Amino acid sequence: MTFARVMIFSLFVLLAFTGFANILPQVQGDPPAEEEINTGSLDMAGMIALGERLFTGKGTCTLCHNNLGRAPDLLMDDLSQTLPSRLVDARYEGVAKGKNGAGAIEEYLLESMREPSKFVVAGYGKKGTNDTVSPMPVVNKAPVSLSDIEMNAITAFLQNKAGFDPTVPLPSAGEAPAADASDDGDEEDGPATDAVAAIEKFGCSTCHDLEGSEADLGPKLNGIGKRMDDAAIAKSILDPNAQIAEGFEADLMPQDFGEQMRVSELNLIVDYLKKLPE
Amino acid sequence: MKLARPVYILLLLAVVVALFPDLAQAAGEAGEKLAGAPQPTRADYPHFAGMSSRDIVWGVAQMHLFLAAFVLAVPLFSIATEFMGKITGDQRYDNMAHEFMKITMSAYSLTALFGGSLALALFLLYPHLMGYLMKVFRGQMLIYALLFLLESVTLYIYFYSWNAMRYGNRKWFHMSIGLVLNTVGLTLMFIANAWATFMMSPSGVDPATGAVIGTVWEATRNPLWNPVNLHRFVANIAYGGAIVGAYAAYMFLSEKDPEVKAHYDWMGYTSNFIAIAGFLPLPFAGYWLMAEIYAYSQQMGITAMGGILAWLFIIQAILIGTIMLAANYYLWCGLMRTENGQKYSKYVKYIMLVIVGGFLVWVTPHSLILTTEEIRQLGGTHHKFLGPLGIMPAKNTAVNLMLVFTFLSFQMFYRSSRIPTVKWARAGNMLIIALYVTGIVNIVFAGLYGYITPTVYKVGASVPQVISTMSIIIFSVIIDIFMLRGAKTTTVHWGRMSDRSQYALFVLPVAFTWLMGLMGYIRSSLRTHWHVYTIMKDKSPEAYIPTIGEAGNTITIITLSFMAVMVFVFWLSRLGATRQETPS
């Protein structure tokens with residue numbers, strides 16, 4: 001009965017392997033929790049609630065729009081005052097110029113998200129630009145990558161806060177609520193081929209003073225090559241919270257560059273940073 | 001009648017196409033500028049009462065792959081063995097090559113059966129994915145079916161013409177058929193690999209929508225295609241060797257006749273040799289694959305080496321260690337076949353020390369890059385103990401040392417039946433010892449250097465290690481060839497082996513099969529919640545990565561079924577050769 005002997009022996013070997021697999025830590029890799037929105041049945045109250053979640057969550061808006069003075073504190077300001085006052089500002093040249101009412105506010109809010117530099121609230125512009133360039137990222141581009149519906153939801157949330165009836169359209173059934181990760185940037189789908197393109201693709205200059213952005217949310221990276229070696233630079237990009245630069249806050253820098261970047265892009269950026277003059 | 005099997009498969013495909021006209025249409029639209037990849041929702045996935053679609057496909061696919069790997073690999077070394085027989089004129093080789101093919105024949109129809117079931121299961125359970133893949137690969141799937149037919153024809157001709165074309169020029173003609181068979185077989189595998197790797201690293205399609213914009217060739221030649229081709233090619237040889245070894249062991253255990261036993265002992269030894277020879281380059285093919293995965297997508301690399309899957313590499317280490325130990329144990333037992341073996345067996349305990357030590361270093365977990373959620377679940381990123389032993393240079397050092405010492409086991413057995421007669425034998429031996437010592441010192445120093453260099457992945461240090469390992473193997477083979485020329489050979493008592501040693505030959509296929517199952521699980525899991533990575537989301541209820549335990553249980557069940565099938569095939573082929581005596 002060689003057959004039986006061999007099978008029993010195999011079974012024992014297999015049980016040893018199986019047993020080992022079962023004593024290791026057991027973690028199930030769930031797909032990322034997606035905002036499962038039934039777009040067909042989403043009413044305006046749902047839109048507003050979604051907008052609030054996006055504002056504090058995926059949109060990363062509260063990184064800047066908080067009470068630290070980096071940007072207008074949209075959650076605390078009296079939006080019913082501030083927003084209409086923008087439209088009558090002498091410097092305002094945007095789409096909602098000369099209009100008023102809820103519809104005009106909608107246009108202004110969407111414009112602020114799509115083209116932040118169209119109008120820069122006084123005192124908040126990038127240093128040295130005399131309030132002509134906004135430090136705010138374009139939110140429907142990487143890395144924030146909000147979809148139209150998501151921007152509408154945020155608009156509804158802010159309109160509501162300002163005491164207006166939201167005027168944004170409700171999404172129709174079947175419309176995908178979240179932008180597909182892959183169609184966020186126009187030509188930006190392939191890996192960036194030079195450092196400047198990579199830095200632009202991942203929006204580093206919105207926080208760091210790179211390419212003349214003069215942003216100061218993150219530390220200056222000039223002369224970083226003197227302080228850190230390649231590995232340390234790469235690590236501070238892939239795992240920013242591992243070591244927090246002095247005088248800056250944790251959790252500000254996006255944690256998922258490791259997931260978005262190709263190795264080639266990481267290398268380009270590290271190379272570029274380390275050569276930055278002091 | 002057997003020949004008809006592939007025809008059934010074609011028929012089956014025809015039925016599938018008839019049942020799902022939209023699929024046929026999808027295939028027909030080839031060449032047109034197409035809409036993007038389908039994005040089915042959860043409700044769009046067909047399912048059958050309470051059965052897990054994924055487990056069905058998983059099980060059937062694995063069975064098919066195990067059988068196919070075996071069926072594709074054996075003709076490769078069968079033709080090599082045949083060639084050996086032709087140039088040495090030793091009929092034993094020819095007989096063994098023929099016997100290799102005999103086992104393949106029994107497994108072939110099963111391969112086709114599982115392949116057909118797999119196609120059916122995929123089309124029934126994942127119609128959107130298959131529809132999309134058909135759009136991308138268009139006519140290639142039909143070419144595949146045709147090649148399969150060709151494979152069957154050549155396989156049958158190759159096997160059945162064996163004795164008719166045994167000698168002289170006819171032998172060369174016979175080997176040419178074998179060559180055609182192997183070419184077709186490899187092409188089949190490469191095509192199937194293209195589909196699997198396309199799902200991991202799609203190319204030739206619009207990255208935003210998945211619309212087909214490139215040629216079939218562009219989709220085929222995706223970034224991971226060649227690394228996987230190489231990895232599977234090498235692994236198949238090792239796997240085929242391991243299974244044939246199990247066959248020999250089975251026969252050895254069942255037979256009583258000493259002469260027959262001697263034959264199967266020799267066959268087992270040769271198979272073990274093939275398995276290990278195929279196994280040696282595997283870690284390096286694995287590195288290349290991993291490096292390409294990182295280059296393709298940082299995220300995928302991190303998912304593989306750092307995320308929840310990192311623990312799998314620890315099981316992988318256990319399995320590889322098991323394989324090494326079993327192979328070495330078998331070789332050590334083999335020393336009892338020769339008179340001189342005794343002289344060498346005193347070194348066995350040292351080799352064992354190194355192998356076990358290397359094995360322990362390899363299973364030591366170290367830094368695991370995890371997402372915060374996973375860190376929370378696991379309770380920490382770094383394993384609590386033995387930190388530095390877990391990092392790459394230490395692991396590379398361990399692997400290389402294990403390979404060197406396994407080779408030493410082979411060399412010991414080979415030399416145990418040969419006494420060199422050349423004058424410079426002493427000097428030659430010293431040279432070999434010096435070679436080993438320098439090589440090992442090199443490997444250890446490169447390992448230490450790897451510690452202190454601050455590169456992120458410390459891959460650089462592994463190159464001199466691999467070169468050292470390879471040099472030891474290649475140069476000592478060359479020295480041996482010259483030194484043992486005209487050596488006084490003592491008899492090898494084939495068949496003088498304990499029954500226990502044969503079980504080592506069963507450990508190999510069991511561990512290999514389980515390991516292949518495990519790697520398949522990792523490869524599929526790398527896509528995380530995507531059918532086609534970054535292009536087509538997996539919205540089915542089973543889009544999650546199962547836990548290691550869950551996967552382990554599934555793989556065990558599949559492996560056990562596979563072993564049962566194979567041992568049954570062995571049993572059958574023994575039965576087929578048994579003839580009841582004519583009653584007097």
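1. Read along its sequence, chain A follows the pattern α-α-α-α-α-α-α-α-α-α, and the secondary structure of this chain accordingly comes to 10 helices and zero strands. The coordinates belong to a predicted model, and the points below should be read with that in mind.

2. On confidence for the complex as a whole, the predictor gives an ipTM of 0.79 and a pTM of 0.65. For the separate chains, chain A averages a pLDDT of 79, with 85% of the residues scoring at least 70, while the mean pLDDT of chain B is 82, with 84% of its residues reaching 70 or more.

3. Within chain A, the element with the highest mean pLDDT is helix H4 (residues 102–114) of chain A, at 92, and the one with the lowest is helix H9 (residues 257–260) of chain A, at 70. Over residues 179–188 of chain A the pLDDT is below 50, although this stretch has 18 contacts in the model beyond near neighbours in sequence. I would ask that these contacts be described together with the pLDDT of the stretch that makes them.

4. Over residues 367–390 of chain B the pLDDT stays under 50, and the model has 45 contacts for them beyond four places in sequence. Over residues 454–459 of chain B the pLDDT is below 50 as well, and here the model shows 10 contacts beyond near neighbours in sequence.

5. Of the 584 residues in chain B, 58% are buried, and among its contacts with a separation of 6 or more, 84% are accounted for by residues 24 or more positions apart. Chain B exposes about 24,700 Å², of which carbon and sulfur atoms supply 70%.

6. The corresponding values for chain A can be set beside these. Buried residues make up 42% of the 278 residues in chain A, and residues 24 or more positions apart account for 60% of the contacts in chain A with a separation of 6 or more.

7. One helix pair in chain A deserves a paragraph of its own. Helix H8 (residues 230–238) of chain A packs against helix H10 (residues 263–274) of chain A at an angle of about 120°, with the axes 10 Å apart; H8(A) and H10(A) are therefore oblique to each other, and their crossing is right-handed. On the H8(A) side the residues that meet the partner helix are Asp230(A), Ile233(A), Ala234(A), Ile237(A) and Leu238(A), and on the H10(A) side they are Leu266(A), Ile269(A), Val270(A), Leu273(A) and Lys274(A).

8. A residue in chain A with contacts to chain B is Thr18(A), which is found in helix H1 (residues 2–23) of chain A. Apart from residues up to four places away in sequence, Thr18(A) touches Trp514(B), Gly552(B), Asn553(B) and Thr556(B). Thr18(A) counts as buried because its relative accessible area is 8%, under the 20% cut-off.

9. In chain B, Val153(B) is found in helix H6 (residues 140–160) of chain B. With a relative accessible area of 36%, Val153(B) is partly exposed. Val153(B) and Leu181(B) are 28 residues apart in sequence, and their C-alpha atoms are 8.8 Å apart in space.

Definitions and conventions
Residues numbered from 1 in each chain as written. Chains lettered and ligands numbered in written order. Predicted model: local features only at pLDDT ≥ 70, side-chain atom pairs only at ≥ 80, totals over all residues. Heavy atoms only, no water. Buried < 20%, exposed > 50% of the residue type's maximum accessible area, 1.4 Å probe, protein only. Contact = heavy atoms within 4.5 Å. Areas by Shrake-Rupley, 256 points an atom, 1.4 Å probe, with all protein chains shown as cover. pLDDT = per-residue confidence, 0-100. Helix = DSSP H or I, 4+ residues; strand = E, 2+ residues; numbered from the N terminus. Axes fitted to C-alpha atoms, helices over the stretch in contact; angles between N-to-C directions. Parallel < 35°, antiparallel > 145°, perpendicular 65-115°, else oblique. Left-handed = near helix turned anticlockwise from the far one by under 90°.
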